[in-house]
Amino acid sequence: MSSGAQVQRSIPVPMLLSLALLSAIAPLATDMYLPGLPRVVDELDTSPSLVQLTLTTFMLGLAAGQLVMGPLSDGLGRRRPLIVGTVLLTLAGLGCALAPSIGVLITLRFLQGVTGGIGVVVARAVIADRTEGDQSAKLFSIMMIITSAAPVVAPLLGGVLVGPIGWRGVFYVLTGLASVMLFAVARFVPESLPVERRHPVEPRAIASNIRAVLSNRLYLGYTLTFGIGFGAMFGYISASPFVIQELMGFSPAVFSVLFAINALGIGLAGTANTRLVGKLHPQRLLTIGVGALVMVGTGMLAVALFAPDVHWLLLVLMFCLTATFGLTAGNATALALGQVRDRAGTGSAVLGTLQFTVGAIVSPLVGIGGSTSVLPMAIVIFTCTVLAAGAFLTTLR
């Protein structure tokens, strides 16, 4: 039976919302925490660099969780890993809320990332199991719209909650959200991978699956386009609290609003993409998105070099960055996983591992200049956009 014949053609709305909630754990667990970073420094008597390391370890955990569970879900199915992972995510969030020291918090953030990564990777695999082509691109774009609500709401919630309940209270809220995710998975997400399409769960078979997806040139090109493009986004996410608050002089409340406005760009671009898919092929839309991404990265570097005090222009470019990434992410994901449909879990795992590994690398780089210059952020964003464009060009050969 062909892969196209195996693919089911619909995903019910409650199921899609549940999958989107699973994918939203990364921005939720990152962005709700951002306004509380200075308080963590004071309460745990530590340094800003160690507190930023909690972001890095969370990203590494997300990468590790996806790399392990993606291939395993190709053999075990999707539903059981989702349920087990979400239970462990709830426990990890509770541990973060109770962490007595920065070392314990760093460790638990890694575990929170690992367990959150299970939901992220399997949610993408479920969509790849059930859809293909234009419909796949549309659903990934819809998920991008839904999950873009996370970075819109998260910093606002974080800014409001950090005052009355502190940064520990934010982790209690995340624990509650993980419990909601567990209910949604149990109620609305059935098994999507039939037994006859599963691969053996043994080291040799898993290694073979990873080699197979990495040897697919088109898959690798689209995956690198997405993952390195995410590096530009995460460079902005990591640096923006310090650039907007300390360099530009805005309050935490204003930062939360500006961050939310910029995050709306992802949703707006995703909405436009769902309307255009079917009229334009996802490859064509990705070409437009990557070209715009390079233009934004170039503009941001130019502003940082020649007009660093023109804050409004830098804020406009931040919005454009999120919007252009919203146009590229759904199409790149759909095109990448469409190349490895028979190993969707492994393909999703490699894609997600690259995404968050790049994020973990980028996070400390944007802080090299401290809070006195926007140039490190601009250099990282420019470099990532150019490298993403280079990766995309390999798919056009």
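**Entry 1: helix 11 and helix 13**

On the helix 11 side I noted Leu258, Ile261, Asn262, Ala263, Gly265, Ile266, Leu268, Ala269, Gly270 and Asn273. Their partners in helix 13 are Leu315, Met318, Phe319, Thr322, Ala323, Gly326, Leu327 and Asn331. Contact here means heavy atoms within 4.5 Å. Helices (H or I, at least four residues) are DSSP runs, numbered from the N terminus.

I sorted the residues of this contact and found 11 nonpolar, 7 polar and no charged. For the sorting, Ala, Val, Leu, Ile, Met, Phe, Trp, Tyr, Cys and Pro count as nonpolar, Asp, Glu, Lys and Arg as charged, and the others, Gly among them, as polar.

Next came the geometry. The axes of helix 11 (residues 252-276) and helix 13 (residues 311-338) come within 7 Å and cross at roughly 35°. Axes are lines fitted to C-alpha atoms, for helices over the stretch in contact, and angles run from 0 to 180 degrees between N-to-C directions. The crossing of helix 11 with helix 13 is right-handed, that is, the near helix is turned clockwise from the far one by less than a right angle.

**Entry 2: Asn331**

Buried means under 20% relative accessible area, exposed over 50%, partly exposed in between (1.4 Å probe, protein chains only). Leaving out residues up to four places away in sequence, Asn331 touches Ala137, Asn273, Val277, Pro282, Leu285 and Leu286.

**Entry 3: the nonpolar core**

Which residues touch the most other members of the largest nonpolar core? I wrote down Leu19, Leu105, Leu314, Met318 and Met377, out of 118 residues. Such a core is a set of buried Ala, Val, Leu, Ile, Met, Phe, Trp, Tyr and Cys residues joined through side-chain atoms within 4.5 Å. Helix 8 (residues 133-188) gives the most to this core, with 14 residues.

I then followed Leu19. Beyond four places in sequence, Leu19 is in contact with Ala123, Val126, Ile127, Met143 and Val189. Ala123 sits in helix 7 (residues 102-130) and is buried, with a relative accessible area of 0%. Besides Leu19, the contacts of Ala123 beyond four places include Leu22 and Ser23.

I found Gly169 in helix 8, buried at 8% relative accessible area. Gly166 is in helix 8 too, and is buried at 15%.

Asp45 lies in the loop between helix 4 (37-43) and helix 5 (48-76). Asp45 is exposed, with a relative accessible area of 71%. I marked its positive phi of about 50°, although Asp45 is not a glycine. Most residues other than glycine have a negative phi.

I checked pLDDT, the predictor's confidence in each residue, from 0 to 100. The chain averages 83, and 94% of the residues score at least 70. Confidence is highest in helix 15 (residues 375-393), at a mean of 93, and lowest in helix 1 (residues 3-6), at 42. Over residues 1-8 the pLDDT is below 50. Where pLDDT is low, the predicted coordinates should not be read in detail.

A note on method: residues are numbered from 1 along each chain as its sequence is written, and side-chain values use heavy atoms, with hydrogens and water left out. Local features need pLDDT of at least 70, side-chain atom pairs count only at pLDDT 80 or more, and totals for chains, interfaces and linings use all residues.

Conventions
Helix = DSSP H or I, 4+ residues; strand = E, 2+ residues; numbered from the N terminus.
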